[in-house]
Amino acid sequence: MQLHTITIRITLVVALIAAPVTTLHSQSIPSPEEILGFVPGTDSLLADWSQIEGYLEALAESSTRVRLDTIGRTTLDKPLYMLEITSAENHRRIDDILAVQKQIADPRRLTPTERDQAIAGQPAVVMINNNIHSTEIGSSLFAIELAHRLANRDDYGTMLDSLVVLIIPSTNPDGLDKVVQWYREYKGTNFESGPLPWLYHPYAGHDNNRDWFMLTQPETRAVTRVLYHQWFPEVVWDVHQMGQNQARFFLPPYGGPINPNLDPMLVSATNMVGATMGAAMRDSGLTGIAHGMAFDLWWHGGFRTVPARHNMIGILSEAASARLASPVYIAPEAERARTRSLLRPSRWPGGEWGIGDIVHYQLTAADALLELMYDQRERFVRRFITLGERAIRDGTNESPRAFVIPPAQRDNDANRRLQQLLLDSGVDLDVTTAPFSANGESYSIGTVIVRMDQPFRAHVKDLLEIQHYPSESDGTPVRPFDTAAWTLPLQMGLNVAAINEPFDVRSENLQTPAVDGGGVEGVGPYIVLRNSSNAESRATAEALQSGTEVWTLADPLVVEDAVLPEGSLVLHGGAADSIVENLASEFSFTAYRTEVLSRPERVISRLSRIGVFVDHTANIDEGWTRWVLDENGIPFSSVDVGRIRAGDLSAEFDVIILPSADTVKLLDGPANGSVPEQFSGGIGAIGVARLGEFLEHGGVIVALGGASRFAITQFMLPAEDLISTEFQRKGSRFSAFGSIFGVSVEGNTAISSGIGDSLSVFFRDGAAFSTGNGMQVTAKYVEDPLQSGYASDVNVIAGAGALVNIPVGNGRVILFGFRPQHRGQTLGTFKLLFNSILLSELL
């Protein structure tokens, strides 16, 4: 069997070489082998970004079917490329095609005649997105082989009269180079396939495919511009890999629950496309193609799921992985699903599996998809138009009719961010030019209106409304593929309201966000900040660096008819005046000058020296922690395992942040033998002792999410995580699959400065703390905490501590039971993290 399978794999590689030659369009078009020096899919060989870039340029220069666009820059400033591939004639009229594509994406722009003309003659558009997850390396090679075939083969030439194929060879070139470099260095060793000891996206790691509505990273913003402002493809295909022992290839239909905002027409079309691709692959003799599995249609935020809320068919494929470019032997009994089923009608017989098989399966799937879109071009175009029309109809006739974003918000910059990400996603916004009333509420001039009678209604509605994750009839939920909830107004700390009845209002279209202006009012040497916006933390950090003194108000203060509450920040001296004036204007917060204030005994006179712990487990939460601090202008240093174990941490740091991680990973790190020796191990008992010394010398440790359990057990804190305790004692059914909970803010401390009485937190693999024993409780989960998503047995956490501050020696440990910086989405809780690290001297 093993010999037989090797013979098949050799045949597949020969097929990769031979197929383009059989229908050669032009001898002048270079093959990938001529530029790379090997056939894509050859065992043990990968192409780095410079090689791929070289081939893309050579192909575009030699083919009239191919145009190479630089659509943006990556996080590390590499060029982000997209190939536009269509017939030479279509390239000559590309501006007309783009104009019509924009019209059909928004049927409000179409006359009946234009609609008929588009259905009759507009090419169908597909975007194929590759290698967003850098260790899923096969698709970077598939992309250039497919591009060569599209440029070179006569049969594809006929199809390209009716198709535009957009290929992004890698959405993460930064990570691709990290993976290729690792593989080349360790090829032939036990470490060749990783795991890599660092994130392959500089900030987001694997979460770069969770950023498609929040748009925090330059790669997602660049592709989003193409999707919703330029090309509006009818189909998007996200090409991935999965574990080695799964099926050989996954395609829709998806499993799990269906999001209620997805049109049944779109769901059925997605099922049809995936099933047709799978059937064509089986027709060609391939086995092990599966449907269903764990990939659902509930979650919002991925490359396939955000386009689905824009009326685009979102196809996910997942090929079984090899050892990066090295083959792996899979015994027949090793595949997880050993029986045939309706969703897996054929099993793979087992044997050797390598990168050539991955590329071959992907190329066969591409043939099937492009042939289907060519054969049914008219149907794809008509369906796209119809889906937009149905969204407009439903927004006109059903509730909600609109969402409103009032101008008065706790954080004007968060308001700006929400409006900008909606605009970037192709959503229409209006701003009122006169007051109006709706739902019994009055709204002022400057209120932003997000109408639902627009083609991307599903996207808006899904982001702004509450999620109600479904469960089975017995109350047992099906675990979601990703999270159960993402409601942005809750995560961002914004007041957004739905309007359910028809309403009249005078308004005008918005092209840029509309927020209240900021500035500095009053006179005097003291500056007072409400500290309600994240930008005020930026201002505080910059001011402290300049020599400013900072303290909190012990009592409310009236300045310029504004009542500034207890806990507001006072800045005095240094360059505070110019710093605050500049940032208040840029980020739209209001600060106040006053003449006389008494200086308390406890003030902060320098910026805390902040360390963010990084180990060798490629912790995504660590990446997001760095991103949030960088994005908000708060300086920090990374502190690694070796530095922790070396001790004398107080000489370099005042505050150390432990991003969310489980105790075993923090203590043990990667197991010895799983990675090269220099990357193995965690902080261990020695590191715990050194952190204990840091606390004794007055240091502050901020433990986020799961890291709070590490802190409780290793520093012997007088607290329990009630969730893990309940599981151990009673087998509790408490669960919350990435949901949003309500918390109450307790008392008035430096950590809660600017927060108010309550807020929403994102809870995933979090904790709930027993209270008492001299700890300071900053936030508690409310009695009925679930606000969006799913939770069972919430009585376990009702009233428990969500954020507590525990003195240890001369220092303290601040425990977050939730992730205040989750995926860069939770702007409403960033402030709690910023206060914990900037104002800890005032606790």
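The following dialogue explains several terms as they apply to this predicted model.

Author: In this predicted model, local features need pLDDT of at least 70 and side-chain atom pairs count only at pLDDT 80 or more, while totals for chains, interfaces and linings use all residues. Residues are numbered from 1 along each chain as its sequence is written, and side-chain values use heavy atoms, with hydrogens and water left out.

Reader: Why is Ser-840 called buried?

Author: Buried means under 20% relative accessible area, exposed over 50%, and partly exposed in between (1.4 Å probe, protein chains only). Ser-840 has a relative accessible area of 8%, and is therefore buried.

Reader: Which residues does Ser-840 touch, not counting residues up to four places away in sequence?

Author: Contact means heavy atoms within 4.5 Å. On that basis Ser-840 touches Ser-608, Val-655, Val-700, Arg-812 and Asn-835.

Reader: Where does Ser-840 lie?

Author: Ser-840 lies in the segment after helix 26. Helices (H or I, at least four residues) are DSSP runs, numbered from the N terminus.

Reader: How many residues of helix 26 are buried?

Author: Twelve of its twelve residues are buried, so by the definition each has under 20% relative accessible area. Among them are Leu-827, Lys-831 and Ile-837.

Conventions: Helix = DSSP H or I, 4+ residues; strand = E, 2+ residues; numbered from the N terminus.
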